[in-house]
Amino acid sequence: LMNHKIHQQTPVLEIYFKKLVEEGVVTKDAFEDEKHKYEDVLKTGFKSVSQPINNRSWLDLHNWEEFFNSDGTPKLPGPLIPSTGVAKEKLLHIGEVISTPPQDFNIHNKVLKKVLEPRRNMLEKGEADWSMGESFAFGSLVLEGIDVRLSGQDVERGTFSHRHHVLHDQLVDIK
């Protein structure tokens with residue numbers, strides 16, 4: 001619902017541009033020039049962050065002997081690292097729940113393609129990234145009867161889309 005209404009609105013930049021031109025604050029050419037300069041800055045920034053960075057030097061700053069054997073295998077469980085494992089079946093159940101929209105639910109296509117389907121793909125491959133690990137942690141606590149409260153807009157609106165755990169129906173005002 002919200003996305004349909006948003007797409008019907010005149011973009012704020014267009015409204016502001018017209019107002020500035022009407023008031024004689026800026027000419028159309030000057031405005032377009034500034035707009036293109038700004039877009040170039042964004043494109044340059046996007047290109048620079050799109051390159052993978054492999055910075056593992058922080059690993060060298062810590063004393064890991066208490067946690068790892070000399071061959072790199074973890075010292076588990078131990079006095080510093082108690083066993084906190086969760087059965088694979090529970091993790092698969094949690095993964096299934098967080099990657100499947102409710103039946104007869106009109107989910108936004110971007111949420112389906114960029115959030116739920118990648119979760120399902122990881123689950124099918126037996127993989128987990130940071131976001132899936134977070135979801136496993138939250139889900140396992142909930143299954144143990146422990147209340148989990150996530151606060152902040154990123155849980156619902158998806159500022160950090162990996163935490164996108166509240167789904168909105170696009171045709172009916174339900175979530």
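I started with His108. I found it in the loop between helix H4 (88–98) and helix H5 (109–125). The model is predicted, so I kept the confidence cut-offs in mind: side-chain atom pairs count only at pLDDT 80 or more.

Next I looked up its partners. Leaving aside neighbours within four places in sequence, I noted contacts of His108 with Asn3 and Gln170. Asn3 sits 105 residues from His108 along the chain, yet I read 8.9 Å between their C-alpha atoms. I also checked the His108 side chain for polar pairs. One of its polar atoms lies 3.0 Å from the backbone nitrogen of Lys110.

I stayed in the loop between H4 and H5 for Asp104. Its phi is near 55 degrees, a positive value in a residue other than glycine. I flagged that, since most residues other than glycine have a negative phi. Asp104 counts as exposed, because its relative accessibility is 78% and the exposed class starts over 50%.

Then I turned to H4. Which residues of H4 are buried? I listed Ile94, Gly95 and Ile98. Viewed down the axis of H4, the buried residues fall within an arc of 100 degrees, so they line one face of the helix. On the face of H4 turned away from the buried side, I found the exposed residues Glu89 and Val97.

Definitions and conventions:
Residues numbered from 1 in each chain as written. Predicted model: local features only at pLDDT ≥ 70, side-chain atom pairs only at ≥ 80, totals over all residues. Heavy atoms only, no water. Helix = DSSP H or I, 4+ residues; strand = E, 2+ residues; numbered from the N terminus. Contact = heavy atoms within 4.5 Å. Polar contact = N/O pair within 3.5 Å; in protein donor to acceptor, adjacent residues only side chain to side chain. Buried < 20%, exposed > 50% of the residue type's maximum accessible area, 1.4 Å probe, protein only. Arc of directions from axis to C-beta.
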